[in-house]
Amino acid sequence: MKLSVPLLAGAAVLPSVAAWGGFGHITIAYVASNFVSDHTATHFQTLLRNQSSDYLANVATWADNIRYTKWGHFTGPFHFIDAKDDPPSSCDVIMERDCKSEGCVISALQNYTSRLIDADGLLPAIEHEQAAKFIIHFVSDMHQPLHTEDVAKGGNGIHVKFDHKFLNLHHVWDTSIAEKIVGGVRGSPYGAARQFADKLVDDIRTGKYQAETKNWLNGISLDDVEGTALIWARESNAYVCTHVLPQGPKAIMGQELGSSYYDDAAPVVEIQIARAGFRLAAWLDLLSAKIASNKAGEL
Ligand SMILES: *[C@@H]1O[C@H](CO)[C@@H](O)[C@H](O)[C@H]1NC(C)=O
Ligand SMILES: *[C@@H]1O[C@H](CO)[C@@H](O)[C@H](O)[C@H]1NC(C)=O
């Protein structure tokens, strides 16, 4: 089954029912490119066949573009995990309860991580490339709180207003809040995303996140992908109780979320984008080191 990627360009304009908008995903990819090791950068520039400094950003939204195609349809459930918790009184992600039989963002990270490592060397290069693109996207997705929540299809069924536009809550968290933080994004998101990423990289290196970033990699392990992903998904899901639906869904239906709701939500979106980028870099570093050591073992 051949994937005809060039034919899929139009898919990007389909309504975004899931996933950070392009701006969020691309920002996360740029943050990650600032923290990967030189070895990792070379490894993924080669695998993704893009030698520019945009090699991660360039594929950050690929998984959203293919999911609406016939070929990519099976990947739809991989973008989220529908936690059947009860916000705002209780939030949690439980693998057995929440990961559907067709898969979820956690099982997908597990699957594509092991396919990228490909310990038995069975897969062709194109599968490694696809696995890398899925990983780049799904680490990012699990940091959007509404990608870890079942209520109203991850907020897609909660209709609200944001700066006088009628939108659903999922879209507000994917796109509207992040874009408002930078004063709006018009046209191609790459320039604005790079600028936002540069600011977040400074916040991580020397600014407001510096003290806490050492905790951002707690529990990270290629030997326990599910455990690692659960730490990230639970942290993200906890925001559903505190910031996304702090008074339950009914309290925000039809309400304007562009002012005081936004003021509380923006720092959450910002730190989640920073964490996702920082963790994605660490994950890619672990992967490229593992792949190199497997290769060395074969010689
Ligand atoms: C690399 O990524 C950049 C940014 O998206 C893109 O403009 C460029 O065409 C890509 N290069 C190749 C060889 O695909
Ligand atoms: C793992 O990835 C392959 C290739 O995309 C896919 O065919 C398979 O269904 C996936 N398995 C799981 C459990 O997600």
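Predicted model: local features only at pLDDT ≥ 70, side-chain atom pairs only at ≥ 80, totals over all residues.
Ala, Val, Leu, Ile, Met, Phe, Trp, Tyr, Cys and Pro count as nonpolar here, Asp, Glu, Lys and Arg as charged, and the others, Gly among them, as polar. Residues are numbered from 1 along each chain as its sequence is written, ligands are numbered from 1 in the order in which they are written, and side-chain values use heavy atoms, with hydrogens and water left out.

**Ligand 1**

- Around ligand 1 sit Arg 49, Asn 50, Ser 52, Asp 54 and Asn 58 (a residue is near a molecule if one of its heavy atoms lies within 4 Å of it).
- That shell holds three polar residues, two charged ones and no nonpolar ones.
- Asn 50 has a polar side-chain atom 2.3 Å from an oxygen atom of ligand 1 (a polar contact is a pair of N or O atoms within 3.5 Å).
- For Asn 58, a polar side-chain atom lies 2.7 Å from an oxygen atom of ligand 1.
- On its own, ligand 1 has 360 Å² of accessible area, and the protein covers 47% of that (areas come from the Shrake-Rupley method with a 1.4 Å probe).

**Ligand 2**

- Ligand 2 has Phe 74, Phe 78, Asn 111, Tyr 112 and Arg 115 around it.
- This shell splits into three nonpolar residues, one polar and one charged.
- A polar side-chain atom of Asn 111 is 2.3 Å from an oxygen atom of ligand 2.
- Tyr 112 also puts a polar side-chain atom 2.6 Å from an oxygen atom of ligand 2.
- The protein covers 58% of the 360 Å² of accessible area that ligand 2 has on its own.

Key:
Polar contact = N/O pair within 3.5 Å; in protein donor to acceptor, adjacent residues only side chain to side chain.
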